[in-house]
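Load the model in a viewer and keep the sequence panel open. The stops below can be selected one after another.

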Amino acid sequence: MARVNENFLKLKAGYLFPEIGRRVSKFCAENPDAKVIRLGIGDVTEPLVPATIEAMHKAVDEMAHRETFRGYGPEQGYDFLRTAIADNDYKSRGVHIDADEIFVSDGSKCDTGNILDVFDLGNTVAVQDPVYPVYVDTNVMAGRTGAADAQGRYAGLTYLPCVAENGFTPEIPKEKVDIVYLCYPNNPTGAVASRETLVEWVAYAKQHGSLILFDAAYCAFVQDDSIPLTIYEIEGARSVAIEFRSFSKNAGFTGTRCAFTVVPKDLMVSTESGEKRPLHPVWSRRHSTKFNGVSYIVQRGAEAVYTPEGQQQTLELVKFYMENAKLLREGLTAAGIEVFGGENAPYIWLKTPGGVPSWDFFDHLLTQAHLVGTPGSGFGASGEGYFRLSAFNSRANVEEAVVRIQNLLK
Ligand code: MLT
């Protein structure tokens, strides 16, 4: 009989969002008339912008003719998209990233998990707590941890608590950690990292030979001009950081699928014998072996995000969701709830009223107000007593959600 990879058996029963989905489906089946509003998973609701749609229609037409038809594309992404990213997301901010340092993919979730293929199991790993669960679960799957304790913390991982008392900005560890995941703007807390904070992290990484896995999937939502949008705005970051970016949230690609990962050529890793090697060719080899590239049609759609029309239209989309975030922040504050995030990120992070456990608040909100959010404890032990609401929804649903919460807490 084939043997299972037992690391998978260490995982908590369900991935957070399917578990929420399961509870919501059960509730809906038992209460078919309930008008449930979902502010749980951060899934976009608004259609793709016209620039993207137009570019994708054109690409479909190209696929309809022998002369312009495309088969397999380059695994790392078409040059037209990689160049558009390098110019618009980096060069325009005074940051030097070459187009061939950009690896186009079908999602940051996949990339942040897949990147572990190229790292030795002996590396020590630190994560923020609360944390996007994928970083933890993929390390468990890889075999880098022991079992979880009662709070769900896995042996072998270093957890960096992010709580109201430290402004959701973790202390930099005193000891050496080989790989550190940082997510800014943060999912789930909505916190952002100042330039000074990122300078400290880059200095830490340089001092200890650590690598930063920087997830910037939500950078388009930053409203404060002083906040860096990419870690490469920090001097020296090219040699210590990999950055993950996505079209999912800024351009509404959660169902369309396109993202990218930046692996600078200056980034060196070490062999067991201490020899230094660039990571770029290693990741390129992994990517081209296990991935066949994002479809031509989708990459043309992503490229259109960078046209002047595309930029304007996606800016409007981001503004729309940030207005939702503002409504949630204000409405919840008026209801007496302590609210964080939502100013530079599409997530509202709130303290549960009366300090009730996160899952209890989830059940209360679902059964009494027919609202779905995400329990903070699902993101980690330090998320207990917190709750996340997503600003990704229609205006009408967000307004209705605010009224329901206010009525519930009257
Ligand atoms: C979330 O709700 O945290 C995100 O939608 C998850 C994701 O982007 O994979």
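Helices here are DSSP runs of H or I with at least four residues, strands are runs of E with at least two, and both are numbered from the N terminus. With that numbering, select the loop between strand S5 (179-183) and helix H6 (195-208), where Pro185 lies. The model is a predicted one. The peptide bond from Tyr184 to Pro185 is cis, with omega near -10 degrees.

As background, most peptide bonds are trans.

Now select the ligand. Which residues surround the ligand? Show Phe17, Ile41, Gly42, Tyr132, Asn187, Tyr218, Lys249, Tyr347 and Arg388. By type, this shell splits into five nonpolar, two polar and two charged residues. Colour by domain: domain 1 (7-46 + 311-408) and domain 2 (53-308) each supply at least three residues of the shell.

Three distances can be checked at this stop.

- Gly42: one of its backbone N or O atoms lies 2.6 Å from a ligand oxygen.
- Tyr132: an N or O atom of its side chain is 2.6 Å from an oxygen atom of the ligand.
- Lys249: a side-chain N or O atom is 2.9 Å from an oxygen atom of the ligand.

The ligand taken alone exposes 270 Å², and the protein buries 85% of that.

Then step back to the loop between strand S7 (241-246) and S8, and select Arg257. The phi of Arg257 is near 75 degrees, a positive value in a residue other than glycine. Most residues other than glycine have a negative phi. Is Arg257 buried, partly exposed or exposed? Arg257 has a relative accessibility of 30%, so it counts as partly exposed.

The last stop is His370, in the loop between helix H10 (358-369) and strand S13 (371-372). His370 is not a glycine, yet its phi is positive, at about 55 degrees. With a relative accessible area of 24%, His370 is partly exposed.

Notes
Residues numbered from 1 in each chain as written. Predicted model: local features only at pLDDT ≥ 70, side-chain atom pairs only at ≥ 80, totals over all residues. Heavy atoms only, no water. Near = heavy atom within 4 Å. Polar contact = N/O pair within 3.5 Å; in protein donor to acceptor, adjacent residues only side chain to side chain. Areas by Shrake-Rupley, 256 points an atom, 1.4 Å probe, with all protein chains shown as cover. Nonpolar A, V, L, I, M, F, W, Y, C, P; charged D, E, K, R; others polar. Domains from an automatic or database assignment. Buried < 20%, exposed > 50% of the residue type's maximum accessible area, 1.4 Å probe, protein only.
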